[in-house]
Amino acid sequence: MKTYEKLFTILSQADDYVNGESLAQTLGISRTSIWKAIQRLEKEGVQIDSIKNRGYKLKTGDLLIPDLIEQEAPIKISFNPNCQSTQMDAKAGMEAGGEANTLYLAAAQSAGRGRFGRSFFCPNQGGFYMSLHLKPNLPFEQIPSYTILTAGAIYKAVKNLSLMDVDIKWVNDIYYKNKKIAGILTEATTSIETGLVTDVIIGVGFNFCISDFPKELQNKAGSLFSAPAPITRNELIAEIWACFFESDPEELIYLYKKQSLVLGRQVSFHQNNQTYKGIARDVSDSGQLLVQLENGQEIWLNSGEVSLISW
């Protein structure tokens, strides 16, 4: 763990001010190094109060610490403090022969993209962005619906840690109080020689504790918490992937359906230059949405082909 990460851990566990001399002795470094670590934390958006002869006290903010996440979840962390896109980082890691179950993590990103290449709001503080690289090496028809499993794991993790309920909009959006707080993007690579899906990258962008949104997003985008958050980003990230790997897939699929915002409701969508309306009846284990059209016909929608325009 780096010096500024150790310092943050000490301050986050303290009830009162901790003087610089005590911090220096505990960490085995100089007072100057403590001051530099404080500066690094402030650069990361952590607010620290400083009073002469009393020391330092954590006010608000938290810090992504890969070591803490790795202790609680069966993954390896690759953290990028100057990230353009965790999906790009994961693809670069994949091409370089990186090991499976590596999570590419960032506190912010400058070139994030969602489904269909759409850009999305990525503030410098208050969110987290991550892409998990898997190596299933399975035929396409045997590939689990990773988007559904991830959404179910996110719901379960939030519930476990905070007792709060989030909702899920087919196929890849997480909502809280009718505003989107997270999105999931799953991409796969298939081998031409074997026909197997060799690699899968699951990307998640999450609004954890964000108060200010652009005017055009204020009615659409939300945040799981407002300051101060009762849990840390490290705790939530670790719990999400622990739930993903350790839960029965059937449980995560059940939770996905249970928290669905669209099942049982009227939806509309575009397909083949036409607009259709109907009632969303079910979600298959592979992620398709069953819609009963106004004429009684039932149709399965694939997430890669259409998006809901109302729900």
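## Strand 10 and its partners

Strand 6 (residues 138-139) and strand 10 run antiparallel and are joined by 2 bridges, two strands being counted as paired if DSSP finds at least two bridges between them. Strands here are DSSP runs of E with at least two residues, and helices are runs of H or I with at least four, both numbered from the N terminus. Within this pairing, L138 has V197 of strand 10 as its bridge partner. The model is a predicted one, in which local features need pLDDT of at least 70 and side-chain atom pairs count only at pLDDT 80 or more, whereas totals for chains, interfaces and linings use all residues. Residues are numbered from 1 along each chain as its sequence is written, and side-chain values use heavy atoms, with hydrogens and water left out.

Strand 10 (residues 196-207) also pairs with strand 5 (residues 127-134), in the antiparallel sense and over 8 bridges, with G127 standing opposite N207. Strand 9 (residues 179-190) is joined to strand 10 by 9 bridges, again antiparallel, and here E187 stands opposite I201. The hairpin of strand 9 and strand 10 has 5 residues between the strands, and G195 takes a positive phi near 75 degrees. Because 11 of its 12 residues are buried, strand 10 is largely enclosed by the rest of the structure; buried means under 20% relative accessible area, exposed over 50% and partly exposed in between, with a 1.4 Å probe and protein chains only.

## Domains

The chain is divided into domain 1 (3-60), domain 2 (66-259) and domain 3 (265-308), with bounds that come from an automatic or database domain assignment. Taken over C-alpha atoms, the centres of domain 1 and domain 2 are separated by 31 Å.

## Helix 1 and its surroundings

Helix 1 (residues 3-13) packs against helix 3 (residues 31-43) at an angle of about 80 degrees, with the axes 9 Å apart; the axes are lines fitted to C-alpha atoms over the stretch in contact, and angles run from 0 to 180 degrees between N-to-C directions. That angle makes helix 1 roughly perpendicular to helix 3, a term covering 65 to 115 degrees, while angles under 35 count as roughly parallel, over 145 as roughly antiparallel and the rest as oblique. On the side of helix 1 the contact is made by T3, Y4, L7, F8 and L11, and on the side of helix 3 by I34, A37, I38, R40 and L41, where contact means heavy atoms within 4.5 Å.

The buried residues of helix 1 are Y4, E5, L7, F8, T9 and L11, and they pack against helix 2 (20-27), helix 3, strand 1 (47-51), strand 2 (55-60) and helix 4 (66-72). Strand 1 and strand 2 run antiparallel and are joined by 5 bridges, with G55 in strand 2 as the bridge partner of I51. These two strands form a hairpin with 3 residues between them, and N53 in the turn has a positive phi of about 70 degrees.

## Y256 in helix 8

Y256 lies in helix 8 (residues 249-258) and counts as buried, at 1% relative accessibility. Its C-alpha atom is separated by 7.7 Å from that of L149, although Y256 and L149 are 107 residues apart along the chain. Leaving aside neighbours within four places in sequence, Y256 is in contact with I148, A151, I168, K169, W170, V171 and V283.
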